[in-house]
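Please look at the sequence and the 3D model below.

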Amino acid sequence: MKAMGFDKIIDNGTLVLEDGCLNASLAIKDGKIAAILQDGCGADGKERIDAGGRYIFPGGIDTHTHFFDPGAEYREDWECGTKAAASGGYTLVMEMPNSSPPVIDKDTFRTKYERASQHAVVDFALWGGAIAGGNSHIGELCGLGCIAFKGFTLDAGPEFKWLDHQQQKDAMDEVKKHGRILGFHAEDENIISELKERFQDGPWNLRLHDMARPWYAEMIAVQNAVILSKASGCPLHICHLSIPEGAELIKKAKAEGVDVSAESCAHYFLLNHEDNFGAGTYGLIQPPLRDRKRMEQMWEYLLDGTIDYLGTDHAPYTKEDKEPEDGNGWNVMGGAPSIDIAYPLMISEAVIKRGMKASRLADLCATNAAKRFGLYPRKGAVRVGADADLALVDMDCRWNYSRKDSLSKTKCTSFPYEGKEVLCRVTETLVRGRTVYRDGAIWAVPGSGIFIKP
């Protein structure tokens, strides 16, 4: 091994591999994992990192980010958002298309691509939009490298036209033709518009938010999407699943051979509207935080493999966004930040507290997404030949999270994770073998992240 002349060797770490953990050294050359060394002491490397017993996870793949860039960069932008991602152990972000303007044609794709290319410090992929009357652009966006397409089953505003049932089927037919995946924000428009009309004259709170966007509105939308996926043969992705009833439906659909995968987010396993009622509009997320019982039931489907991967749905808003002058919570935008904390929080809760295998958590945060979206084996795993995308995690580090210390642009400290105890910490993040984040500081220049195609 000595003659190979590696660029970098990471010693004294616990490698989180696809089939379990291994105490070994990791050798990196030309941005790739070149070797796993049982005895790395004699290997020659230009640089050595002493992991000091830390776990070396695959860098996280966030399947669901909102950086508001272009459109509302005062909330978050590509530079701050990807720096925050690196601090949280993420090495690849998959940016959603519903920015302003949304990614729905060649020009809007180029706008976002150029912003990301100039400012991202981690690698990135771009979703395209599936909108009413917009199927003709899907082939063009596939040619440009969009990793997948996203549609809404309810009103998403005038720029991003939501899809009724037949329009969902039409979009599936077109996406399937080009070999991509169609994802949905799945909540039923008819139910939610009707209930908002009933509730909005009274004061808003988190429990009423759950009642106004009820579990059955999500369930119906998921069920319709599954039926249409079966009818069209189009691979289906359910975004940010929040309900165990929907997970059970997806579990049965998978058993019947439907090509469907489920994404959920850390907040549906760690937060609920009962325990976090005091967060008010800062806990306003869509779909809503559910009750404590549903939150605990979601763990069953995370543990049994029904839920395939964990995105963040990172969507930071400012104090002015979350505390409008008129005090009307019904008009507050739904979203919360988490890209800098979701991965370590789930390691803490799932691996350290609940005994999940570290390799299984790595599947949920990296490997499964890489496989689903056509990035494996280049991305998503600690394996020879893969990009050296790595998160070094101190598994014995108690600390309390505060957003004031975040690298994200929006630093408001009223979001629900504020003050939460975390049992581990990301101490270093490498993207293609380069240290991007280490001990609170960014070591990469804006624009060093690259565009990744499926």
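This is a predicted model: local features need pLDDT of at least 70, side-chain atom pairs count only at pLDDT 80 or more; totals for chains, interfaces and linings use all residues.

The structure has 19 aromatic pairs.

One of these pairs is Phe68 with Tyr317, whose ring centres are 5.2 Å apart and whose planes stand at 70 degrees. The pair is edge-to-face because an angle over 60 degrees counts as such. Which parts of the chain does this pair link? Phe68 is in the loop between strand S6 (60-65) and helix H1 (78-87), while Tyr317 is in the loop between strand S13 (309-311) and helix H11 (319-322). Phe68 has a relative accessible area of 12% and Tyr317 one of 5%. Buried means under 20%, so both residues count as buried.

A second pair to look at is Tyr309 with Phe373. Their centres lie 5.8 Å apart and their planes are at 50 degrees, so this pair is tilted. Tyr309 belongs to strand S13, and Phe373 to the loop between helix H13 (358-372) and strand S14 (390-394). The two are 64 residues apart, and this pair too links distant parts of the chain. Are these residues buried or exposed? Tyr309 is buried, at 1% relative accessible area, and Phe373 is buried, at 3%.

The charged end of Arg354 is placed over the ring of Trp299, 4.0 Å from the ring centre. Arg438 lies over the face of Trp443, and here the distance to the ring centre is 4.4 Å.

Next comes the glycine. Gly280 is found in the loop between helix H9 (267-270) and helix H10 (292-303). Leaving aside residues up to four places away in sequence, Gly280 touches Trp204 and Leu206. Leu92 is 188 residues from Gly280 along the chain, and the C-alpha atoms of the two are separated by 31 Å.

Finally, consider two helices. Helix H12 (residues 342-353) packs with H13 at an angle of about 145 degrees, the axes being 10 Å apart. Their crossing is right-handed. Which residues make the contact? From H12 they are Tyr343, Met346, Ile347, Ala350 and Val351, and from H13 they are Ala358, Leu361, Ala362 and Cys365. In this contact of H12 with H13, 9 residues are nonpolar, with no polar and no charged ones.

Notes. Residues are numbered from 1 along each chain as its sequence is written. Side-chain values use heavy atoms; hydrogens and water are left out. Rings of Phe, Tyr and Trp (its six-membered ring) pair if their centres lie within 6.5 Å; planes under 30 degrees apart count as stacked, over 60 as edge-to-face and the rest as tilted. Helices (H or I, at least four residues) and strands (E, at least two) are DSSP runs, numbered from the N terminus. Buried means under 20% relative accessible area, exposed over 50%, partly exposed in between (1.4 Å probe, protein chains only). A charge sits over a ring if NZ of Lys or CZ of Arg is within 6 Å of the ring centre and within 35 degrees of the ring normal. Contact means heavy atoms within 4.5 Å. Axes are lines fitted to C-alpha atoms, for helices over the stretch in contact, and angles run from 0 to 180 degrees between N-to-C directions. A crossing is left-handed if the near helix is turned anticlockwise from the far one by less than a right angle, and right-handed if clockwise. Ala, Val, Leu, Ile, Met, Phe, Trp, Tyr, Cys and Pro count as nonpolar, Asp, Glu, Lys and Arg as charged, and the others, Gly among them, as polar.
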